[in-house]
Amino acid sequence: GLPGSGKDTIAEKLDMPVVSLDQIRQNLGIKHDDKNGQGSVAQAAYKQAKTFGAKKQSFVWNSTNLTTDMRNRLIHALSVYNPRFRIVYVETSMANIEHRRAENIPMDRLRALQNKLDMPLPEEAHVVEYGRN
């Protein structure tokens with residue numbers, strides 16, 4: 001889902017470790033709009049995910065994966081561990097998103113992300129869930 005849709009809230013309720021790109025950004029001191037730093041964030045996230053995968057340990061990948069291509073790259077990279085993938089798509093109204101994230105993400109950026117969104121399709125993973133927050 002989009003930033004501010006409630007992904008963190010849902011991830012917190014699950015009883016498993018979380019690979020959070022926002023948390024990695026914060027730990028590395030990289031801002032959302034720092035295009036040069038995003039590669040380091042992705043590398044750290046994939047490293048964490050591969051560690052969990054190698055241990056056959058379930059985990060949450062908590063990120064704004066808006067496009068089918070982004071989700072497919074992640075699934076492909078981790079498929080060597082023979083996992084079962086569950087996509088949980090979370091949406092809420094733009095009014096909620098604006099209320100939650102307007103102070104740290106400009107609305108024009110949020111609307112651009114909304115326009116890029118590819119709704120997850122049932123065939124993308126073993127299970128695809130759709131939720132409204």
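**Close-up views of salt bridges and a buried serine**

**View 1. Glu 129 and Arg 86 pair through their side chains.** The side chains of Glu 129 and Arg 86 form a salt bridge with an N to O distance of 3.2 Å (a salt bridge is a side-chain nitrogen of Lys or Arg within 4 Å of a carboxyl oxygen of Asp or Glu). The pair links distant parts of the chain, with Glu 129 in strand E4 and Arg 86 in strand E3 (residues 86-91), 43 residues apart. Helices (H or I, at least four residues) and strands (E, at least two) are DSSP runs, numbered from the N terminus. Glu 129 is partly exposed at a relative accessible area of 32%, and Arg 86 is partly exposed at 48%. Buried means under 20% relative accessible area, exposed over 50%, and partly exposed in between (1.4 Å probe, protein chains only). The model is predicted: local features need pLDDT of at least 70 and side-chain atom pairs count only at pLDDT 80 or more, while totals for chains, interfaces and linings use all residues. Residues are numbered from 1 along each chain as its sequence is written, and side-chain values use heavy atoms, with hydrogens and water left out.

**View 2. Glu 124 forms a salt bridge with Arg 71.** The closest N and O atoms of Glu 124 and Arg 71 are 2.7 Å apart. Glu 124 lies in the loop between helix H6 (107-116) and strand E4 (127-132), and Arg 71 lies in helix H4 (residues 68-78), so the pair ties together parts that are 53 residues apart in sequence. Glu 124 and Arg 71 are both buried.

**View 3. Asp 22 forms a salt bridge with Arg 25.** The closest N and O atoms of Asp 22 and Arg 25 are 2.8 Å apart. The two residues are three apart in helix H2 (residues 21-28), which means that about one helical turn separates them. Asp 22 is partly exposed, at 30% relative accessibility, whereas Arg 25 is buried, at 12%. A search of the whole structure finds five salt bridges.

**View 4. Ser 5 is buried in the segment before helix H1 (7-13).** The relative accessible area of Ser 5 is 1%. A polar atom of the Ser 5 side chain lies 2.8 Å from the backbone oxygen of Leu 2, and one lies 3.4 Å from the backbone oxygen of Val 90. Not counting residues up to four places away in sequence, Ser 5 touches Val 90, Glu 91, Thr 92, Ile 97, Arg 100 and Asn 133 (contact means heavy atoms within 4.5 Å).

Definitions and conventions. Polar contact = N/O pair within 3.5 Å; in protein donor to acceptor, adjacent residues only side chain to side chain.
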